[in-house]
Amino acid sequence: MAEEASTQNKIRSGDTVLLRIPNGDTRSVKVEKDLIVSIGRLGSFSSNELIDHHYGLTFEIVGKNLVVLPPQNIQELEETDATNEHIVGDGSVKPVTPEEMAAMKEAGVHVSVPFSQSNLREVCPCFLQDIIKKQIDQHTNFELKTEYSKDKYKKKKEAKYAKVFTTIPPTLFNVCEYWYNKDQGRIRDLRIDALSQMLNLANIRPGGRYLVVDDASGLVVSGVLHRMGGQGRVLTICDVETPPAYPVMTQMNFPPEFKSIMASLNWATCQEDYTPIISTWDVEEDQIRSDKQRIRVNKRRAASDFLQSTREDLFAGEFEALVVASEYDPQSILKRLNKYLGGSCNIVIHSPYAQILSDLQVVMRASAEYLSPALSEVWLRRYQILPGRTHPMMNMSGAGGFILHATKVYDDPSAVPVEAHRRLQAKLATETQKSSDIVPSQQEEGDVAMTDAT
Amino acid sequence: MWSTAREIAPGDTVIAWLTRDLIQPLVVTPGKDLNIRFGYYRHDDLVGVPYGSKVGSRNGKGFIHVLRPTPELWTMALPHRTQILYLADIAFITSHLDIKPGSRVVEAALAHASDSLTRQPPQYFAYLDQLLDLTPHFFAGTGSGSFSHSVARSVGKTGHLWSYEFHELRASKAKEEFTRHGLADIVTLTHRNVCKDGFTVESAADAVFLDLPMPWSAIPQAKKALRKDCLTRICCFSPCIEQVQRTVTALNDAGFTEITMYESLVRPHEVDQVPPMRSVDDACEILKKAEQKREDKRLRQIAATRQNLANKRKREGEADLAEEESHHDTASGKRTKTDEIDDIPQEPISLDRNIAGSSEVADSTKPTAKTTVSKAFPEVRGHTSYLTFACLLPASPEVTVDA
């Protein structure tokens, strides 16, 4: 097991790898044996240089090769008395000319020390340090800056010129963050905190049976599969004829056995009273004329059988959770899938909009089939935690969406709520009180009737 | 972990959902009774009933729902109910630490202040006291098994959780609980002070979670417990920013990288249905009418006063008492004319009553189309803890750590 986990943490040929470049952006690149990977201005290198390395390492591109850099530490900065009182924005920074830059690149030596070392001058002369030093020399006000300001300036320059990148482990957290930053609309504003809460609320575990409706580019499916580790069953219902591509899964680099527990139906084929139109070509064995035809017939039969078995799987019901992040009306989704949910099944629905889920909550609240539908909003804030400079990030994501969670229950219409029981008791009590007022002694029902008659 | 069968069997742990605020775990024991505010039940009645069923009481005094336990429900069923709010934290930590089937996790938690703490140096005790004072609910949080149950669920049979509990009594109780929940194979619980004695495992964990008042003091030990053959992760759960700062320094010194810190919260919303909102046009009309009414009244009063004056002149020379009376009338007439503000309470513009009247009109024309609205609860949790994360890169010959 340990060995398995260890290989999972290494870059393999065929992986789609996320790289973080100095300006903070993340790139997604395909790593394939003998393939050249190009990351824009940073340069290019051979995939082979990455294969078998652990995820999470930082590399410098030197020519066409990669050099592993040691991990970076956060550097303490010494407070000085400097303030910005003598600094005026008078254009005293003379930019390094393109000619100078070219000359330096020509003579360039690679960076072999952490590039965020606060004291750049002490480390070995190299291209990056040279170029930053040159800029600092031309920045007449540099020495007037505070240490924090100097650090910020250097970092900014490093981000601009360093030819380094870090490979990002393909965890659900990182992949979700990548997609959220890239295009949060495509994943329906499903931020990692929201996704994590959904997976926990849905009680996703290895070996479970789940129904997923994912119009968030496969992010929800990826999360569910990630938490199942190839054990259990996942059915997804989609709005396309052939099983959807779920692009988010690309960066997850799932081994095939993780994906094999998943099958997809669409909104037509998931209907029990609908017969999918599949030209099965009910060709008798003896009528098959060529091998080509036989392959075709077998293929179609297999597809048909697979569809049929997937449908049967759905119709068997007793799913443990329904997880939804869909562009379709959640009420219509529930209406279709409710009958396949087992007792105590967790229903977890995400939407970027509170309105959609509050409408749904009202409908669910009125039904005895759903226990305690609850609506909540997710909130996440990241902090900068540099020594002496800890504060929340100036910008935060405001849209992580809303989550509705409810539990599917089996109603028993004969069960009396305790309030109704109390009302009934109170009513009975007053009635007995009244009748005992009329008839002082305890009598049988017949006697009461007789007294009433008299 | 818990039963996955469709129906409840004797010996199952079930969650009896009485109300949203009253949830209790139950081990189904034939022969036993359940006598609560919501009626009288026999455990035998639950056997064979599908999970998720509504069960009516034997005496007709209400009903309960019997649910399949989940770590989330289990947390809600604990006496410290507010902890469900930690769902956000637990979920986020699970994702960030990449806890998944097969993961090996180390968790160190500290339950309520206990006798064993008095054996610590005095300043430790004072500090702890201060922290516990600040966040009395907090240490009960993960120490109560919320996180352990959640992690055990996520890592499954192929994974493992080593849980370290500082508090002896709590440790033995938790151990019992894990066994009862069928987690004995997945969770190893040890009673010890990890800051002092370290962990029982070395180079074994994919992730470490520290829920301790002084997490920085356990970081060197945590590093020892983490695997060195692949990237591993740590999370420290601290309510105070000063704790975070010391933790960050300790993590940095120990060679951890990618140090980040987050705050994650849930904002529960209440949903309501309200009648359509009124237009200011209505208010405008009502105000105009009220103004007109008041003006009419004023004019009537002026007319009446004039009449009175005329009558008075006619009766000149009559008794003093009568004169005084008519004088009083004049005064009140004048007041109506000049002091309009005082007039308003005399003739209150009953906005509510009037509008209720007008909405009745609206109701008769169209059926009550209610609007669904939602807003955050008036009081929500504003802070649980800061979540500090860091990574430890594999120590392989390809990387030379010392710079």
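Visitor: Which residue stands opposite Leu34(B) in S4(B)?

Guide: Tyr41(B) stands opposite Leu34(B) in S4(B). The model is predicted, with local features given at pLDDT of at least 70, side-chain atom pairs counted only at pLDDT 80 or more, and totals for chains, interfaces and linings taken over all residues. Residues are numbered from 1 along each chain as its sequence is written, and chains are lettered from A and ligands numbered from 1 in the order in which they are written.

Visitor: How many bridges join S3 to S4 in chain B?

Guide: Four bridges join strand S3 (residues 33-36) to strand S4 (residues 39-42) of chain B, and the two run antiparallel. A hairpin links S3(B) to S4(B) through two residues. Strands (E, at least two residues) and helices (H or I, at least four) are DSSP runs numbered from the N terminus, and two strands pair if DSSP finds at least two bridges between them.

Visitor: In what order do the four strands of the open sheet in chain B come?

Guide: The order is S2-S1-S6-S5 in chain B, with antiparallel pairing. Strand S2 (22-27) and S5 of chain B stand at the edges with a single partner strand each, so one side of each has no neighbour in the sheet. The twist averages 30° from one strand to the next; axes are lines fitted to C-alpha atoms, for helices over the stretch in contact, and angles run from 0 to 180 degrees between N-to-C directions.

Visitor: And what residue stands opposite Ser53(B)?

Guide: Val66(B) in S6(B) stands opposite Ser53(B). S5(B) and S6(B) pair in the antiparallel sense over four bridges.

Visitor: How many residues of chain B are in contact with chain A?

Guide: 75 residues of chain B are in contact with 73 residues of chain A, contact being C-beta atoms, placed from the backbone, within 7 Å. The largest share of the side of chain B that touches chain A, 14 residues, comes from S12(B). By class, that side of chain B has 32 nonpolar, 28 polar and 15 charged residues. Ala, Val, Leu, Ile, Met, Phe, Trp, Tyr, Cys and Pro count as nonpolar, Asp, Glu, Lys and Arg as charged, and the others, Gly among them, as polar.

Visitor: Which strand of chain A is joined to S12(B)?

Guide: Strand S13 (residues 370-386) of chain A is joined to S12(B) by nine bridges, and the two run antiparallel. Ser376(A) stands opposite Pro268(B) in S12(B).

Visitor: Is Leu375(A) buried or exposed?

Guide: Leu375(A) counts as buried because it has 22 C-beta neighbours inside 10 Å. A residue is buried if 20 or more other C-beta atoms, placed from the backbone, lie within 10 Å of its own, exposed if 12 or fewer, and partly exposed in between. Leu375(A) lies in strand S13 of chain A. Leaving aside neighbours within four places in sequence, its contacts include Leu357(A), Phe402(A), His269(B), Val271(B) and Ser374(B).

Visitor: Last topic: which residues of H7(B) are buried?

Guide: They are Arg170(B), Ala171(B), Ala174(B) and Phe178(B). Seen down the axis of H7(B), these buried residues fall within an arc of 100°, so they line one face of the helix; the arc is that of the directions from the helix axis to the C-beta atoms.

Visitor: What length does H7(B) reach?

Guide: H7 (residues 168-180) of chain B has 13 residues and reaches 19 Å from its first C-alpha to its last, close to the 18 Å expected at 1.5 Å a residue. The expected span is 1.5 Å times one less than the number of residues. Just after H7(B), Gly182(B) takes a positive phi of about 70°.

How values were computed. Contact = placed C-beta atoms within 7 Å.
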